[in-house]
Amino acid sequence: MREGLIPTVLGTVVTASGAATLLKSKYKLVGVGVLGFGLAHVILGAIDLIEHR
């Protein structure tokens, strides 16, 4: 399995969860935090994928 694939997939799931929380919940700050955490995982995982080609 390619290095960086797991953080990228995990970040995608967390980003989608944060977006859903942001849209449907009254706790907007929590949604923004989860969304940012997920996007950070996607970016770092993508860097690993590109770096270890």
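A residue is called buried when its relative accessible area is under 20%, and exposed when that area is over 50%. Keep those two words in mind as we walk through this structure, which is a predicted model.

Let's start with the whole protein. Its fold has 2 helices and 0 strands. Along the principal axes, the C-alpha atoms fill a box of roughly 40 × 15 × 10 Å. Of the 53 residues, 19% are buried. The protein exposes about 3900 Å², and carbon and sulfur atoms supply 74% of that area. Now look at contacts between residues with a separation of 6 or more: 64% of these join residues 24 or more positions apart.

Next, find helix α1, which runs over residues 5-24. How far apart should its ends be? With 20 residues at 1.5 Å a residue, α1 should span 28 Å, and its end C-alpha atoms are 29 Å apart, which agrees. Within α1, the buried residues are Thr 8, Gly 11, Val 14, Thr 15 and Gly 18. Looking down the axis of α1, you would see these buried residues within an arc of 130°, so they line one face of the helix. What covers the buried residues of α1? Part of the answer is α2, made of residues 28-51.

Thr 8 sits in helix α1. Its relative accessible area is 16%, so Thr 8 is buried. Leaving aside residues up to four places away in sequence, Thr 8 touches His 41, Val 42, Gly 45, Ala 46 and Leu 49. The side chain of Thr 8 also reaches the backbone oxygen of Gly 4 at 2.7 Å, while the backbone oxygen of Gly 45 lies 3.5 Å from a polar atom of that side chain.

Thr 15 is found in helix α1 too. Is Thr 15 buried or exposed? Its relative accessibility is 15%, so Thr 15 counts as buried. Again leaving aside residues up to four places away in sequence, Thr 15 touches Leu 35, Gly 38, Leu 39 and Val 42. A polar atom of the Thr 15 side chain lies 2.6 Å from the backbone oxygen of Gly 11, and a polar atom of this side chain lies 3.3 Å from the backbone nitrogen of Leu 39.

Terms used
Residues are numbered from 1 along each chain as its sequence is written. This is a predicted model: local features need pLDDT of at least 70, side-chain atom pairs count only at pLDDT 80 or more; totals for chains, interfaces and linings use all residues. Side-chain values use heavy atoms; hydrogens and water are left out. Helices (H or I, at least four residues) and strands (E, at least two) are DSSP runs, numbered from the N terminus. The expected span of a helix is 1.5 Å times one less than its number of residues. Buried means under 20% relative accessible area, exposed over 50%, partly exposed in between (1.4 Å probe, protein chains only). The arc is that of the directions from the helix axis to the C-beta atoms. Contact means heavy atoms within 4.5 Å. Accessible areas come from the Shrake-Rupley method with a 1.4 Å probe; for residues, only the protein chains shown count as cover. A polar contact is a pair of N or O atoms within 3.5 Å; within protein, one must be able to donate a hydrogen and the other to accept it, and residues adjacent in sequence count only if both atoms are side-chain atoms.
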